[in-house]
Amino acid sequence: MLDIHNFDKFAEMETPFYFYDIGLFERTADKLAALSVTYDIGVHYAIKANSEERLLRMLSERGFGADCVSANEAVQASKCGFAPASIMLAGVGKTDKEIRTSLEVGIGCFNVESIPEMDAIDGIAGGMGVKAPVALRINPNIDPHTHKYITTGLEENKFGISRFEFDAALEKLRSCRNLEFKGLLFHIGSQITDVENVFGLESRCGRELVSWFEEHGLKVENVDFGGGLGVDYEDPDGSPVADFETWMKALRSCFPVGEGYKLHIEPGRAIVAQCGSLITRVVYVKKGRTKNFVIVDAGMNDLIRPALYGAYHKVENLSASYLRGDDTKDCAYDVVGPICESSDVWGEGRILRQTCRGDLMAIRTAGAYGRTMASRYNMRDLAPAVYSDEI
Ligand SMILES: Cc1ncc(COP(=O)(O)O)c(C=O)c1O
C-alpha cells in the first residue's frame, strides 16, 4: 500500500509529482544485492529506467554496475559512484563522440550491436592509443511474449548481431587490433512475466551460442543476459519486490555456478518500478452521456507508457480512501489527462471510489520509464521527484 500517512503532506503539495518510496527501494536493492552474491551474478542497473541521482548513488553504494545507452548516461553513472569498469554501453547508434567520451570515462565494455560499429570503435580506440573492451550483443531470435514495442531479441528487431552474421563478426573481431573481446550479451525484451520459461529458454539458447563461439576459437569469459524481468502492474502492493530469485535460477539453469563463466544481468524496471507513483490531483469530474470522466492534472507528457504502449497502470483515489473511508460507493470512470491528444488516457472504465474535484490520485508502478521519458509537450512543467524521507 502506498504509505497513506503521507497523505497530509501530499495535500499541501503542488501536483503532479513523482513520489519515490525510499524504504521500498532500499529493500529491493538489498534483496537483489544479496541474491547477486548467492547466485554469483553481477548486476548492472539499466539507467534508462530511472536516472535520478539519489537512486543511482544508492545502487552504486551496493556495488552494482551500470548499463547505459548513451555517453551521457555513462558520464552520469561515473559521477554517481559506479566504478568505470562496471559500466557497459549498449545501443545501436553509438556516435563517434559517444565512443570517444566512453573511452575517456574508461567504461568496462562496449556492447557492440553491428559489424560497422566494430570498425568505428576500433578506429577511435586506435587513434586514442587505447584498447576498447567489447562484447557482442547477440540477437538470439527468441520471442519473450511481451509487448511488440518492448521486444528486442527477434531477428526483425534492430538490436544485436544475428546468426547469419556470426562468421563475419568473428572475422572482423580478429582483424580489429584495438578491440579486446570480453563476452556475449543477450537482451530479449522487457516486462517479461513468464519468467521460468522465457529466461530458461534464454539460458539454453545462451549456452548454445557460447559453445558456437568457443568452437570457433573465441574464449567467452562473460555472459550477460540483459534485463527484462517484469513487475506486477495490476497489483503493486501484492508483490512490491520483484521475483529476482526465480529469474536468477532460470538464467543459471544452463550455466551452473563454478563453471568459470561470469554471468551478468541488467535489470532496470524490476529495481525501480514499484517504488515510484505519479501523484496527481483531480481537476474536474465531467459527466458524459454514456460515461463519466475524471480529468487529472498529470498527462502523457509526465508518463507516456499508456499512450506509447497501451500500458496498464493502477490508479487509486487516495483522498476517497483517506478522507471518506470505506463508505463511499464505487463508480466507473474514464480517467484522463489534460493534454490535447485523445491517447492521453490513464484508464477506461476504471472502478474507483466516488471521486470529487480536488481528490488526490496515485498512478502506481511509475518508477521505471516514467520521469526519464517525460517531456515538456504542451509547454508543461516537468513533474518533480519527491522522496518519502524528505517530505
Ligand atoms: C540492453 C538492455 N539492457 C537492459 C535493459 C533493461 O530492461 P528492463 O528495464 O526490462 O529490465 C534494456 C531495456 O530496454 C536494454 O535495452
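This is a predicted model: local features need pLDDT of at least 70, side-chain atom pairs count only at pLDDT 80 or more; totals for chains, interfaces and linings use all residues.
1. Start with the ligand. Around the ligand sit 13 residues. Those that come nearest are S190, G228, E266, R269 and Y369.

2. **Helices α8 and α9.** Two packed helices are described by the angle between their axes and the distance between the axes. Helix α8 covers residues 195–215, and helix α9 covers residues 244–252. Their axes are 7 Å apart, at an angle of about 30°. Angles under 35 degrees count as roughly parallel, so α8 is roughly parallel to α9. The crossing is right-handed.

3. **What α8 and α9 bring to the contact.** From α8 come V195, E196, F199, G200, E202 and S203. They meet T246, W247, A250, L251 and R252 of α9. By class, the contact has 5 nonpolar, 3 polar and 3 charged residues.

4. **Helices α2 and α3.** This is the second pair. Helix α2 runs over residues 22–38 and helix α3 over residues 53–61. The axes come within 10 Å and cross at roughly 30°. That angle makes α2 roughly parallel to α3. Their crossing is right-handed.

5. **What α2 and α3 bring to the contact.** On the α2 side, the contact uses I22, F25, E26 and A29. On the α3 side, it uses R54, L55, M58 and L59. Which classes make up this contact? It has 6 nonpolar and 2 charged residues, with no polar ones.

6. **A cis peptide bond.** Most residues other than glycine have a negative phi, and most peptide bonds are trans. The bond joining T15 and P16 is cis, with omega about -5°. P16 is in the loop between α1 (7–11) and β1 (17–20).

7. **A positive phi.** Check D40 as well. Its phi is positive, about 50°, although D40 is not a glycine. D40 lies in the loop between α2 and β2 (41–46). Helix α2 is also one partner in the pair with α3.

Definitions and conventions:
Residues are numbered from 1 along each chain as its sequence is written. Side-chain values use heavy atoms; hydrogens and water are left out. Axes are lines fitted to C-alpha atoms, for helices over the stretch in contact, and angles run from 0 to 180 degrees between N-to-C directions. Helices (H or I, at least four residues) and strands (E, at least two) are DSSP runs, numbered from the N terminus. Angles under 35 degrees count as roughly parallel, over 145 as roughly antiparallel, 65 to 115 as roughly perpendicular and the rest as oblique. A crossing is left-handed if the near helix is turned anticlockwise from the far one by less than a right angle, and right-handed if clockwise. Contact means heavy atoms within 4.5 Å. Ala, Val, Leu, Ile, Met, Phe, Trp, Tyr, Cys and Pro count as nonpolar, Asp, Glu, Lys and Arg as charged, and the others, Gly among them, as polar. A residue is near a molecule or strand if one of its heavy atoms lies within 4 Å of it.
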